[in-house]
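Here's a quick briefing to read alongside the structure.

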Amino acid sequence: MSLMNYKHITLSLLGTLLLTSCLDENPRDQLPQEEAYDTAKNLYLNSVATLYNYIGGNADGQGLQGTVRGVYDLNTFTTDEAILPTRGGDWYDGGLWQGLYLHQWTDEDAPLKDTWNYLYKVIVLCNQSLNRLNTYSSLLTVAQLEQYQAEVRAIRAMYYYYLLDLFARVPIVDNDRVSLKDVKQSSRSQVFRFVVNELQAVEPLLMPERSNLEGACYGRLTRPVAWFLLCKLALNAEVYADDNWTDGNCPQGTSITFTVDGKPLNAWQACITYADKLSAFGYQLEDSYASNFAVHNENSAENIFTIPMDKMLYANQFCYLFRSRHYNHGSAIGMDAENGTSATCSAVLTYGYGTGNVDSRYAVNFYSDTLFVDGNVVYLDNGEPLVYRPLEVQLDLTGTTYEKTAGARMAKYEIDRTAHADGKLQENDIVLFRYADVVLMKAEALMRLGEDGSALFNTVRQRSGMPERELNEQTLLDERLMELQWEGWRRQDLIRFDRFHRAYDQRTPSSGESSRYTTVFPIPGSALDLNNNLTQNWGYE
Amino acid sequence: MKKGYRIPLIATLMGLSCHIGSAQAQVSELRDTSLVQYVEVQRSIATGSVDKVTEERMNKGLVTNSLNALSGQAAGVNVASSGENRMAMLNSVRVRGTTSLTGGNDPLVIIDGVSSDLATLSTIYPADIESFNILKNAAETAQYGSRGASGVIEVVTKKGKSGQFHISYDGNMGFERIYKNMQMLSRQGYVSTARQMGLTYNDGGFDTDFPETITRTGFVQNHHVAFSGGTDQSNYRASIGFMDHNTVIRVQENDNFIAKLDLAQKAFDDLLNIDLGVFGSSQKNHYIFDDWKLFYSAASQNPTYPNGMNTSGGWDKNSTASQINNPLALLYEKEHEKALNFNTHIGLTFNLPYDLRLKFFGSYSFNSTENDEYLPTWVWAQGQAYRAEKKTEDWLGNVSLGWQRTSGSHHVELLALSEYQSNQRKGFYTTVKGFNTNNFGYDNLMAGSTRPYGGTGSYYEKPTLASVMGSAKYILLDRYALTVNARADGSSMVGENNRWGFFPSVSAEWNVIKESWMQRSQAARNGVLTSLKLRSGYGTSGNLGGIDSYNSLLSVMPNGVVSYGGSPTVTLGISRNANPDLKWETRSTLNVGADMGFWKDRLVMTAEYYYSKTRDMLYLYDVSVPPFAYEKLLANLGSMSNQGFEVGLGITPIETKDMQLNINVNLSLQKNKLIKLSGNYNGQYMTASDITAIGGLNGAGFHGGNNNIVYQIIGQPLGVFYLPHCTGLMQNTDGSYRYAIEDIDRNGTVNIEDGGDRYIAGQATPKTTLGSNISFRYKAFDVTLQMNGAFGHKIYNGTSLSYMNMASFPDYNVLADAPAQNIQDQTATDYWLENGNYLNFDYLTVGWNVPVLSRHISSLRLSCSINNLGTITAYSGLTPMINSYVVSNTLGIDDKRSYPAYRSYSLGVSISF
């Protein structure tokens, strides 16, 4: 009996020893990390280039532009530029879009959580890449290491720029050894300074190449892209350096200092300096406004930073045309449609819609009135022509005569008839940063300095064949609306001009909004739940 | 003859111990409670409860796959294939409910000792199955260690017998007719309602009942031939079968061809027994690409459009109805599958001196599945073809050494086992878009112009599992039995530091009736009490269902293409947070039970209570970003409990030479509770929200927020309805109605977001399930009626909520009685939450055992059956038999995806020579 037990135990032990060695996993369709960073090229590809896969996206909240319910929507549907009206059973979505338009968001809104998680995901991946570059630095020359690190830091700084703009008081996590207890918020001005310092530190090491051209630096964060970001940071410095945005005071741009190329400059001067660097680099306005958004817009002299699009190669999607056009409009071009996004009434009126004097960019930016596809009228099921009605749009169209057809619809990007996935996989690169914006930024900085920026300002108008205008706050905002429609800048512009919290279009602000607390989004509730160090932004506690 | 009838009869009971009181079992009852595979050599080492479903107990109606045969026959076993969703949910089997949040809830399937899965089991021809053994308690499942946490279904197939040559044919044929379908507005109602409401509508000029256009009369045929023979030294059995099923939905069909061969040989003066089995099947399935979309497209389609293409060769639909397609165009979507299975096993048993038995067992299974898909340009811009091939190979080998000895009043059994298992899974797939013609389908991929990156790929993984096990059983005086079982499992998928899990169990049994004081008691002496047995067990088992290969490794894989040096280049990246500390999810179960027999076992009763707790529950927990890159981390943290009470009752009120009536009832009460989903894990606080939506409404005119219905909520059973409360219908100024919603928290505003004005309105899983079988025999005729029921749960009638909403009319068609009610609201409230109780008459079979006509025919049986006779329920939708068991996004929600209700009528013949 006892002998048998011994025998069993021996057998068991023997079995265990024999079998344990067979339990190691040897993945074949994945690689252990060390095998992915075995040469200088692979180290670059898999720790630096890999990060560019996250600039665009194909899921809700992922990607800086092109996708839905993310950064772009938060910057667009909260403004006087665009509206996603409720159309009967369509587009109510639990009040999400109405909430964005009315500034009645809460910290539980999924787009805020998704955006926070997306932006920080890329930041943490950047930190992991920096760590990896150090670990495998023996594969690289000193120059290579510096250059690669600079590129990753620049990408990380760009993502912090978006966090700064949306959430203001965010934790700065700059390496991948940080544990949860050390993840603590910084003030908005600290985050602002961090982003500026990072970009200034790495800018000289970045490739002095154009990023939008197909070639060695296509889609990469090159030196001009960093200049563009610095230009934006300087122009918005009064907002970003303001640690308490509900007290009615903010620092003056003339007293916010930047050191550029060793020289101390105020915010407006810094903005002008970076704008001048971009001009000197060779960026210029294209003769045709529309060509920047053509199916093949890779050779634009104006585009600075784009999301490369190619239906065969990249998973990045551009959902906005699909989301906007009417169903029958979709059928007419052989694609599906969601009949959603429209321009606001105030936006189309800014172009002079309905007057004899309509801005030429109106026809580029919108589908409006009777719709023609390939020269033919598009008909509704009932045999009547499809007519988009720009001035009939309102927040809730349910039950109205033009429930399904109210609103001017998004155009701007040339329709790629070879596109897949209902046009979402188009060939047109998505334009993130563009030189026309730089020209307007410089004109604004000059204006804010009390200098004359109108000549510069009018170069943008002239390109579109529009007569000159006097440069003032209103004409500048109007020009930025028309020139940059559908490019995701409006929220920032309205905040900079202190208009975001006021009444506009059909929107009446809520009583508490006068404190300007809605100019910063709430820290997502999920982030607060998981990290006790974090506190909520003003007005949302 | 009479006695022969008795034993299976008693076994018919849900019973945990199946041979109570039968004459043969008197001697070694405690040693004969089950036929657990590993310990087969010893006849059984398990002391606990094994529910054995023998051939007599299997379902007799029209059975279209072997899982059908099991439905309703065992307490605590829910085969979702019993309802209308039998095609859609073929593989949904739950033993005592859901025990894990992330996976591994399917019971382990062991076919003749070979570890397998539900899909393979469903391909076996029911007539080839000798019995199902259902292992529910940890004391029994612990033998299977990590794989047994969700219960085990052991399948024993028929083998040859020594004796003369036998050949038999089994077959049946039948058809299926729909008796209940969606009643939407017809052309007349559609047009007059739109006119009345002053709405513009499209009139295609036809009158088509679209829900009907996608259906047909179904047809089923099954044929099976088996022959066997043998001597004292060797025997064989071979069988071949064919099953063919064209369902009531056009284009949906499947057929299955099966061949099976088993050989047994004794050698060297019975020193060695060799068993060899080979089983192969070839299965063809034509599925509906998206049956949900097909059903709601058919229901919502404008009834004035033609039953087919329009005159210009297109497919009409309201273009504003963006969520649907023309249902008839959808029928052209192809979703085809071809599955080939090959399984073989060999067992060598050495009967050594000193009562030792040494057994070597090895098996190999190969499965190849080909998926072919084509979406025509009518329903998918530019068309799309997809082809995939998946191959799995499983190897399993084990060595066991057993010993048993009876000496006086002592009986001892010992067993040691060592096992190694390896699975290789690999496959590839490709997606092609850009078709100018639909005529090639998926057969010539060159007809498509583009192959996007990401649409083509392949994978390979090879997880391994190693185990050692020791078991001991001791029986004293044939009355007291104690079994101890210890198993250690090591898996390659678990984190390096936690690779091995230890899964012990202990169980005891007391055969009270054999006590002399019991024998002397009044009840025993006058024959009232004929058997009484008490038993209990406790054990732990593991679950790895939530883990995939490489989950614990820091590995990288392709994450996209970027431009590098001007040319598109693939980069590698990390796509999830790695967790090197992953470990086993464990489940411990305690069970206490009793078996009783009265009046010579004319009344048999078994009862069992169990409590189980799942710990270190694998789940994708929310973690803080930053410092993590991704918002979810697969980790072991939370816990969940399941408890229940199972009762089986077998009554034989009439038992004479010519006549016999048996009534069997099994009743199962289940209660699940999600205890915890947060805490500190390696110093990192992690959580899953207290309230997480599992399923909601979508499709056909229903889109928009706050449409979540079923939730997992801490402290509640998995799958509760968490809804706003509707106080009634409220009339709008225009005469239409909307759902009035209560301000539950009385804060002055109605907020129907999670955490707002919502309350827990009931649970989605039944509290009680019932299986009942009544059989009556008169001479050579017999009648069997099977009834299954479920009680104590609710069903969300999302179908009615959607199709009663006049706000989506006339874009989407509505139910025939919707205009009268004129509700113009689609807010999900408890208004459409209904009682889910039902009793379904699963089948009625009438059989005739024809008196033997010639000396060559040993038996002939003719039978006819009606399956799904009818349902008694207060539920207002198509059928209450929706998914009420499997935790997924369809749990408890009838959301426009129910198959029309149909009956099957069939004739069967069994003949043996």
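**A helix pair in chain A**

In this predicted model, A:Ala436, A:Val439, A:Leu440, A:Lys442 and A:Ala443 from H16(A) meet A:Leu456, A:Phe457, A:Thr459 and A:Val460 from H17(A). Sorted by class, that contact between H16(A) and H17(A) comes to seven nonpolar, one polar and one charged residues.

- H16 of chain A covers residues 435–448 and H17 of chain A covers residues 454–463; the two pack at an angle of about 150°, with their axes 8 Å apart.
- Angles over 145 degrees count as roughly antiparallel, so that is the label for H16(A) against H17(A).
- The crossing of H16(A) and H17(A) is left-handed.

**Where chain A touches chain B**

- On the chain A side, 77 residues are in contact with 72 residues of chain B.
- Several elements of chain A each supply at least two residues to that side, among them helix H1 (2–20), strand E1 (31–32) and helix H6 (110–135).
- H1(A) gives the largest share of the chain A side, with eight residues.
- By class, the side of chain A that touches chain B has 34 nonpolar, 27 polar and 16 charged residues.

**A three-strand sheet in chain B**

- Chain B has an open sheet of three strands in the order E40-E39-E43, with mixed pairing.
- Its edge strands, E40 (833–835) and E43 (893–894) of chain B, each pair on one side only.
- E39 (residues 794–797) of chain B and E40(B) run antiparallel and are joined by three bridges.
- B:Ile795 has B:Glu834 in E40(B) as its bridge partner.

- The peptide bond between B:Val625 and B:Pro626 is cis, with omega about -10°; B:Pro626 sits in the loop between strands E26 (603–622) and E27 (632–655) of chain B.
- Another cis peptide bond runs from B:Phe809 to B:Pro810, with omega near 0°, and B:Pro810 is in the loop between helices H10 (798–803) and H11 (818–821) of chain B.
- A:Arg69 isn't a glycine, yet has a positive phi of about 60°. You'll find A:Arg69 in the loop between H3 and helix H4 (71–76) of chain A, and A:Arg69 is buried, with 23 other C-beta atoms within 10 Å.
- B:Arg746, also not a glycine, has a positive phi of about 50°. B:Arg746 lies in the loop between strands E35 (737–741) and E36 (759–763) of chain B, and B:Arg746 is exposed, with 7 other C-beta atoms within 10 Å.

How values were computed. Residues are numbered from 1 along each chain as its sequence is written. Chains are lettered from A and ligands numbered from 1 in the order in which they are written. This is a predicted model: local features need pLDDT of at least 70, side-chain atom pairs count only at pLDDT 80 or more; totals for chains, interfaces and linings use all residues. Axes are lines fitted to C-alpha atoms, for helices over the stretch in contact, and angles run from 0 to 180 degrees between N-to-C directions. Helices (H or I, at least four residues) and strands (E, at least two) are DSSP runs, numbered from the N terminus. Angles under 35 degrees count as roughly parallel, over 145 as roughly antiparallel, 65 to 115 as roughly perpendicular and the rest as oblique. A crossing is left-handed if the near helix is turned anticlockwise from the far one by less than a right angle, and right-handed if clockwise. Two residues are in contact if their C-beta atoms, placed from the backbone, lie within 7 Å. Ala, Val, Leu, Ile, Met, Phe, Trp, Tyr, Cys and Pro count as nonpolar, Asp, Glu, Lys and Arg as charged, and the others, Gly among them, as polar. Two strands pair if DSSP finds at least two bridges between them. A residue is buried if 20 or more other C-beta atoms lie within 10 Å of its own, exposed if 12 or fewer, and partly exposed in between; C-beta atoms are placed from the backbone.
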